[in-house]
Amino acid sequence: MTTTQMPSTDNPEPKNSRSFMQQLTTGTDWKSAALIPALAVLTALIIGVVIIMLTGSSFGDAMSAYWALLQGSVGSLKAISETLTAATPLILAGLSVAIAFRAGLFNIGTEGQLLMGGMFAVWAGFTFIGLPFYVHIPLALVAGVVGGAIWGFIPGFLKAKTGAHEVITTIMLNYIALRLVDFLLKTEIFQREGRNDPVSKTVEASAQLPLLLGWINPGLRVHLGLIVALAAAAFIHWLLFRTTTGFEFRAVGANPKAAKYAGMSITKTYVLVMVIGGALAGLAGAGQVLGVLDRATPGFSSGIGFDAIAVALLGRSNPWGVVAAAVLFGGLSAGGQQMQVSANVGIDLISVIQALIIIFVAAPALISAIYRLKAPAASTQISKGWGS
Amino acid sequence: MELELRGITKRFPGVLANDNVNLTARSGMVLALIGENGAGKSTLMNVLSGLYQPDEGEILIDGVVQKFPGPGAAIAAGIGMVHQHFMLIPVFSVFENVVLGVEPTKTGGLLDRKKARVEVKEISEKYGLAVDPDALVESLPVGIQQRVEIIKVLLRGARILVFDEPTAVLTPQEVEEFFGIVAELKARGATIIFITHKLKEALAIADDITVLRDGKVVGNADPKTATPEVLAEMMVGRPIDLVVDKTESVLGAPVLELKGVTVTDDFGRPYLNEVSFQVLAGEIVGIAGIQGNGQTELVEVITGMMSLAEGTISFEGADISHLSPRKRHAAGMAHVPEDRNESGMVGSFTVAENLILDSYYTEPFSKGGRLQRADIATSAIGLVEAYDVRPPHIENTGSALSGGNAQKMIVAREFSRDVPLLVCSQPTRGIDVGSIEYIHEQIIRKRQEGKAILIVSTELDEIFALSDRILVLFDGKVVAERKPAETTPAEIGLFMAGKTT
């Protein structure tokens, strides 16, 4: 086709011009919002059975593995606590990815932002001594927010000023963060006295996030971070749908040119959304070091930032969808431990199932075809890039 | 070849796109197919070209029933489509484009360039379609590119040629040349179907006119006796006033003034070269020109999307040359962008959201950064009603609207602001006659209210209908200024093609 602009033809058929990013963020009808993800999970679990059986186990073995998975995720108070503990950082990191999606950016840098947030938080956690918890906890959390926000600002600023693609810069910043953590943990500031291996000083008790169910059983690990995460989801939902800032984010994400014509500053939006995304990831890192680990070790992010991309995709970049997806992934992760122990099926299967879920969510046409759903209007278009 | 469609019905979910359509086109004649957007013209042509299977009805060629399971079968049966959006590869040469997909090959599957060139030359000479087979397509004017498209379908053995809005992108002179080509094809016995919404062209070139409305054939008209008014009424279903009524208006002070405005690309080549003009209060200034002669840049530099290299832009006497788009908007400039889908609206946003797209941050829509949903909805309901946006559901997404209604939504957003300057770029491009009439009325109403209005349009009829003064933009320069009463479309057409005064 030539580049000449021409008047549009008359076209009574449904328009088929949504971008991949829009498809991920604007599934407003209930089918794409809930049904497709639910069927994606179901399909992935069914394929999981096949995989278990391929390894020489019987169908009965596969069923007992899934029973263990269910037991380990929701079968007891302890299991639910583990599920929610695993879900907590996934909610925050998932929101980080989701809000960037909404503004048309692919934030792959959540992992690095989470690491930096965790390092800032752990520093604030062990440096200030003698503070009351109601000062120390907020202080440490804010430190985490700042650390993540700085790490988010860098790719946002580079994108705004130079056009550098955020996928490239955030991936590189992940590597930098990962190795920076290794380096910092060997410095005098962070390294625990008397240790040669890279491990940080322990967070002061006054900065450790209180356990929510510790009064029932101190072994129930779910902590205050869960409340923080849910509050963040509510805040992001409010920000996106009730404020002018969120209006700008969504407009820039859905149609940057129209947003520019409407007088919005695209560059300002990119920087702001990456700062907010980084802050959320930083909060996730802070929650891990203050609520679960009490210290920082190399790679303490343990891939949460990458699982977060899957969570945001599954949650269709809707804040409450992200919460639901994070709880599901938290459950898979908690239940996976149980499955490994009692059914002798490797926890790697969980990663396979998670990956399958994402493939099916990213290819809704596949799910529609398998279950003979009437295809949504725009389901068969080809994704051309990240949001543009 | 005689083509007959019998009882073609095509349904889409919720839409009856074609409803028992019958039409006949004979060898050596031109059948014009006219109808509003959404009347079912494109669906019918997609059925004919094998892209869609009709739910009912049949296609006959020379009395033989045809089945087209895909586009290949339709081409094999002798049907050739010349699309409105050319299907050419800009960096390929003419002959490469023409033989693409049916390449003559030598042993070993190598492209036989010599034979390909000869084939292209033969057809171009036979039908009087002069074109250099070795020219790069991107270097050719649009009119010549269209010839390449025509040669393409002829090479594939088409005897029934379907032209979809072929004149939309041509200058008046190119349209004349195109009509010459059609006459030549007709004389050689081709069957021609000409889809258009330009009634005058249908009357000028067709031997028979079929009118579609809501998927049905509402009638045929004889071009020798029919008038544009009659055709428009058949298309829309109610009497249409094609002449824009406008009374003399009282001219006021200059609202917009450009002095020596130069805009360059990244390499310093000018998009706009020392453009100077004024738009007065109560005046409509029309910018005529072929697409790509600086109109887009002119609108962008006025609205602040693009920065200027030299010159000044004044708005109500104040220099706004370097203000941001937001500040210009706030100062009192409304802007209907040239491409509604690309830059005029956010397709996935609701109608209500699109109606506040550039004023969402102002009261009453926002207070302290919080969107006031009740006020936004109230305003949207009022605007949808006042500007006749159909269907009037403010929670629909923008992309669900037809072209005409989407445009009315954008016009509603921009015209509902009581501001001194309106910049309208291609205000009625690709929309139905009813919406065009409505938007033209709104523009005239704004003029009567004493607003300054700048219209940029590639539709010369529109420029003549609305403008108090016409400026012709060619190669980034204003090459002519005329009052519509003192010139003719032919003269303006010559300026558009580069003739200087």
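Modeller: Gladly, and keep in mind that this is a predicted model. Let us begin with E4(B) and E5(B), which form a hairpin with two residues between them. In the turn, Asp62(B) has a positive phi of about 50°.

Biologist: How do you know that E4(B) and E5(B) pair?

Modeller: Pairing needs at least two bridges. E4(B) and strand E5 (residues 64-66) of chain B have three bridges, in the antiparallel sense, so they count as paired. One residue pair to look for is Leu60(B) with its bridge partner Val65(B) in E5(B).

Biologist: Why are E6 and E10 of chain B called edge strands?

Modeller: Six strands of chain B form an open sheet in the order E6-E7-E8-E3-E9-E10, with mixed pairing. Strand E6 (79-82) and strand E10 (216-221) each pair on one side only. From one strand to the next, the twist averages 20°.

Biologist: In which sense do E3 and E8 of chain B pair?

Modeller: E3 (residues 30-35) and E8 (residues 191-196) pair in the parallel sense, over five bridges. Here Ile34(B) stands opposite Thr196(B) in E8(B).

Biologist: Which helices lie on that sheet?

Modeller: Helix H1 (residues 41-48) of chain B packs on the sheet, touching E3, E6, E7, E8 and E9 of chain B. The direction of H1 makes about 150° with that of E7(B). Helix H6 (residues 172-187) of chain B lies across E3, E7 and E8 of chain B, running at about 150° to E8(B).

Biologist: And chain A: how many helices and strands are there?

Modeller: Chain A has 15 helices and zero strands. Of its 388 residues, 53% count as buried.

Biologist: How do helix H6 and helix H11 of chain A cross?

Modeller: The axes of H6 (residues 133-162) and H11 (residues 266-293) of chain A come within 6 Å and cross at roughly 145°. The crossing of H6(A) and H11(A) is right-handed. By class, their contact has 18 nonpolar, 10 polar and one charged residues.

Conventions: Residues are numbered from 1 along each chain as its sequence is written. Chains are lettered from A and ligands numbered from 1 in the order in which they are written. This is a predicted model: local features need pLDDT of at least 70, side-chain atom pairs count only at pLDDT 80 or more; totals for chains, interfaces and linings use all residues. Helices (H or I, at least four residues) and strands (E, at least two) are DSSP runs, numbered from the N terminus. Axes are lines fitted to C-alpha atoms, for helices over the stretch in contact, and angles run from 0 to 180 degrees between N-to-C directions. Two residues are in contact if their C-beta atoms, placed from the backbone, lie within 7 Å. A residue is buried if 20 or more other C-beta atoms lie within 10 Å of its own, exposed if 12 or fewer, and partly exposed in between; C-beta atoms are placed from the backbone. A crossing is left-handed if the near helix is turned anticlockwise from the far one by less than a right angle, and right-handed if clockwise. Ala, Val, Leu, Ile, Met, Phe, Trp, Tyr, Cys and Pro count as nonpolar, Asp, Glu, Lys and Arg as charged, and the others, Gly among them, as polar.
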